[in-house]
Amino acid sequence: MNLSFNDAELEVVRLAAGREGMSPASWAGRQVMAVAQHVLVPVSRDAGDVLRELIQARVHLRETVTALRALTATGPPGSGVAESAATVVEEALKAVARVDEATAQVMRERRPRS
């Protein structure tokens, strides 16, 4: 099989291969096999940006849930703090679930093939 790239594409491949200490041909072959075996799902640059943002949002939401759980555990009984924090934790968990689903959906999407 022969692959051909224009100069700009070849430079991108060379840089990527160099980052991993591989020859461009070896790197390209590994990527082709990963896509063929459904280990790597190519996405557009925009989808990649969205995916990175979703992953950062997941991390932030999980940190928020952890902090809220700590508040729930330390609020004085009967003060309403624990109950209010518990409500906020539940809402945060729902947000985490929505972000998880959106992240999974973006990961399943593929670039249209021509």
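What follows is a chat about a predicted model of a protein.

Colleague: Hi! Before we start, what kind of model is this, and how are residues numbered?

Modeller: Hello! This is a predicted model, where local features need pLDDT of at least 70 and side-chain atom pairs count only at pLDDT 80 or more, while totals for chains, interfaces and linings use all residues. Residues are numbered from 1 along each chain as its sequence is written, and side-chain values use heavy atoms, with hydrogens and water left out.

Colleague: Great. How many helices and strands does the protein have?

Modeller: There are 4 helices and 0 strands, giving the pattern α-α-α-α along the sequence. Both come from DSSP runs numbered from the N terminus: H or I of at least four residues for helices, E of at least two for strands.

Colleague: And how much of the protein is buried?

Modeller: Of its 114 residues, 22% count as buried. Buried means under 20% relative accessible area, exposed means over 50%, and partly exposed is in between, with a 1.4 Å probe and protein chains only.

Colleague: Which residues make up the largest nonpolar core?

Modeller: That core has 12 residues: Ala-47, Leu-51, Leu-54, Leu-61, Val-65, Leu-68, Val-89, Ala-92, Ala-95, Val-96, Val-99 and Val-106. A nonpolar core here is a set of buried Ala, Val, Leu, Ile, Met, Phe, Trp, Tyr and Cys residues joined through side-chain atoms within 4.5 Å. Apart from this core lies another, of 5 residues, including Val-13, Ala-16, Ala-17 and Trp-27.

Colleague: New topic: salt bridges. How many are there?

Modeller: A search of the whole structure finds 4, counting a side-chain nitrogen of Lys or Arg within 4 Å of a carboxyl oxygen of Asp or Glu.

Colleague: What does Asp-100 pair with?

Modeller: Asp-100 meets Arg-58, at 2.3 Å from N to O. Asp-100 is in helix α4 and Arg-58 in helix α3, so this pair ties together parts 42 residues apart in sequence. Asp-100 is partly exposed at 24% relative accessibility, and Arg-58 is partly exposed at 28%. There is also a network of salt bridges linking Arg-58, Arg-62 and Asp-100.

Colleague: Where do the two ends of the Glu-20 and Arg-30 pair sit?

Modeller: Glu-20 and Arg-30 have their closest N and O atoms 2.0 Å apart. Glu-20 is in the loop between α1 and α2 (24-36), and Arg-30 is in helix α2, 10 residues apart.

Colleague: How far apart in helix α4 are Lys-94 and Glu-91?

Modeller: Lys-94 and Glu-91 are 3 residues apart in helix α4, so about one helical turn separates them. Their salt bridge is 3.4 Å, N to O.

Colleague: Last one: which residues form the nonpolar patch on the surface?

Modeller: Met-1, Leu-3, Phe-5 and Val-32, with about 440 Å² of accessible area together. Leu-3 sits in the segment before α1 (7-19) and is partly exposed at 47%. Patch residues have over 30% relative accessible area and no salt bridge; like charges are joined within 9 Å, and nonpolar side chains (Val, Leu, Ile, Met, Phe, Trp, Tyr) within 5 Å. Accessible areas come from the Shrake-Rupley method with a 1.4 Å probe, and for residues only the protein chains shown count as cover.
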